[in-house]
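Student: Hi! I'm new to this one and would like to look through it with you. Can we open it up?

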Amino acid sequence: MAAFDDSAFDGHERVLFCHDPLTGLKAIIAIHSTALGPAAGGTRLWSYASDDDALHDALRLSQGMSFKNAMAGLSFGGGKGVIIKTPDFSGSVAMYEKYGEFVDSLHGDYVTAEDVGMSVDTMEVIHHRTRYVAGLSRQQHKAGGDPSPKTSFGIFKGIEAAVAFKLGRDSLDGIRIAVQGVGHVGYYLCRYLHEAGARLVVADIDADRVRRVVEECGATAVSLDEVLASDVDVVAPCALGAVINERSVGSLKAPIVAGGANNQLETDADGQRLHDAGILYAPDYVINGGGIINVACEYYGEATDQEVWDQVAAIGPRLTGIFEESAATGLPTSTVADRQARQIIADAG
Ligand code: NAI
């Protein structure tokens with residue numbers, strides 16, 4: 001593996017390769033930066049075509065976490081763990097405990113939490129061996145638990161900010177919004193949007209999830225192929241990454257892209273493409289920061305649930321600042337956000 005030559009290598013501070021022959025654990029923990037605080041970012045369980053792919057993912061995602069945490073105003077650097085789902089993967093308690101020991105060996109430089117393939121239960125098992133874990137069961141009136149409702153609330157505030165900036169409207173009443181993916185994040189987002197009077201168009205590969213938002217939020221179901229190109233005011237990708245790309249930008253009719261999915265842009269050039277097309281893009285790692293704000297408050301244990309909601313609501317004004325800087329400089333919003341994040345990290349370092 002050539003870590004230094006990997007295209008996702010960005011001056012990462014440390015990479016830990018975790019192997020335990022007894023339990024079959026194979027994992028990689030990448031610490032991008034601890035300039036702002038412990039490198040925080042979830043652990044992903046995924047089956048990779050090669051170990052190099054797993055390393056690439058850990059490097060890429062940990063840098064993304066540095067940017068996300070910096071832009072959320074948190075005392076967290078960026079890190080990410082990936083557990084490789086090998087063909088004989090056991091998922092045993094012993095294996096997750098071993099992973100917890102590796103996390104612990106970093107003495108708090110890396111703080112883990114849930115990501116794709118993990119759950120509150122697996123985080124509890126990792127917690128047997130290390131205290132450097134967030135995303136555990138929620139204590140009464142305290143931050144913690146499933147971060148999705150907070151993530152969705154942040155996206156809701158971000159959509160409000162984008163609509164105010166681009167369309168000059170101070171309410172979402174009557175605004176048409178297409179939501180791609182109505183799982184955890186998309187579902188709660190639809191509820192907030194519906195309460196605010198928005199008219200919803202939705203698509204998901206899971207018919208039950210679509211039915212739920214049609215019944216509860218009066219949404220109109222459309223096909224998977226149609227949803228991004230819907231004739232609406234806002235498109236909110238809340239399922240997969242890389243949906244904004246060379247092929248899709250030309251078909252977008254909405255003047256705003258603002259949703260919760262991670263890594264919506266397939267490449268950096270797609271931020272420029274949106275900008276050139278006059279489409280306002282709410283950078284994904286800024287608008288979807290509500291979940292990590294929840295995790296940070298849980299980890300540091302210094303905020304009530306209400307205080308967390310207030311911090312998440314600040315995502316709206318933060319995005320407005322990015323939109324204004326983009327308008328003033330002529331740079332895409334994605335570039336403005338990257339620059340701001342790098343500056344915050346450099347100032348701390
Ligand atoms: P989820 O798995 O609960 O929901 C994703 C939904 O997308 C599912 O209902 C799935 O059926 C649907 N889907 C998959 N492929 C699709 C397709 N081609 N077209 C339409 N729908 C499709 O995941 P969750 O937690 O809601 O996360 C959604 C996105 O938000 C992911 O990109 C995730 O990384 C990101 N995110 C989630 C956070 C959270 O707090 N859960 C925090 C920050 C980002």
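This is a predicted model: local features need pLDDT of at least 70, side-chain atom pairs count only at pLDDT 80 or more; totals for chains, interfaces and linings use all residues.

Student: Okay, is Cys-238 buried or exposed?

Tutor: Cys-238 is buried, because its relative accessibility is 11% and the cut-off for buried is under 20%. Cys-18 is buried too, at 2%.

Student: Switching topic: which residues come nearest to the ligand?

Tutor: There are 21 residues around the ligand, and the nearest are Thr-151, His-184, Val-185, Asp-204 and Arg-209.

Student: What classes of residue make up that shell?

Tutor: Nine are nonpolar, nine are polar and three are charged.

Student: Which helices supply at least two residues of the shell each?

Tutor: Helix H4, covering 148-167, and helix H5, covering 184-195, each do that.

Student: What about oxygen atoms of the ligand, where do Asp-204 and Val-185 come in?

Tutor: Asp-204 places a polar side-chain atom 2.6 Å from a ligand oxygen. With Val-185 a polar backbone atom is involved, at 2.8 Å from an oxygen of the ligand. Ala-239 also uses its backbone, with an N or O atom 3.1 Å from a ligand oxygen.

Student: So how much of the ligand does the protein bury?

Tutor: On its own the ligand exposes 820 Å², and the protein buries 76% of that.

Notes
Residues are numbered from 1 along each chain as its sequence is written. Side-chain values use heavy atoms; hydrogens and water are left out. A residue is near a molecule or strand if one of its heavy atoms lies within 4 Å of it. A polar contact is a pair of N or O atoms within 3.5 Å; within protein, one must be able to donate a hydrogen and the other to accept it, and residues adjacent in sequence count only if both atoms are side-chain atoms. Accessible areas come from the Shrake-Rupley method with a 1.4 Å probe; for residues, only the protein chains shown count as cover. Helices (H or I, at least four residues) and strands (E, at least two) are DSSP runs, numbered from the N terminus. Ala, Val, Leu, Ile, Met, Phe, Trp, Tyr, Cys and Pro count as nonpolar, Asp, Glu, Lys and Arg as charged, and the others, Gly among them, as polar. Buried means under 20% relative accessible area, exposed over 50%, partly exposed in between (1.4 Å probe, protein chains only).
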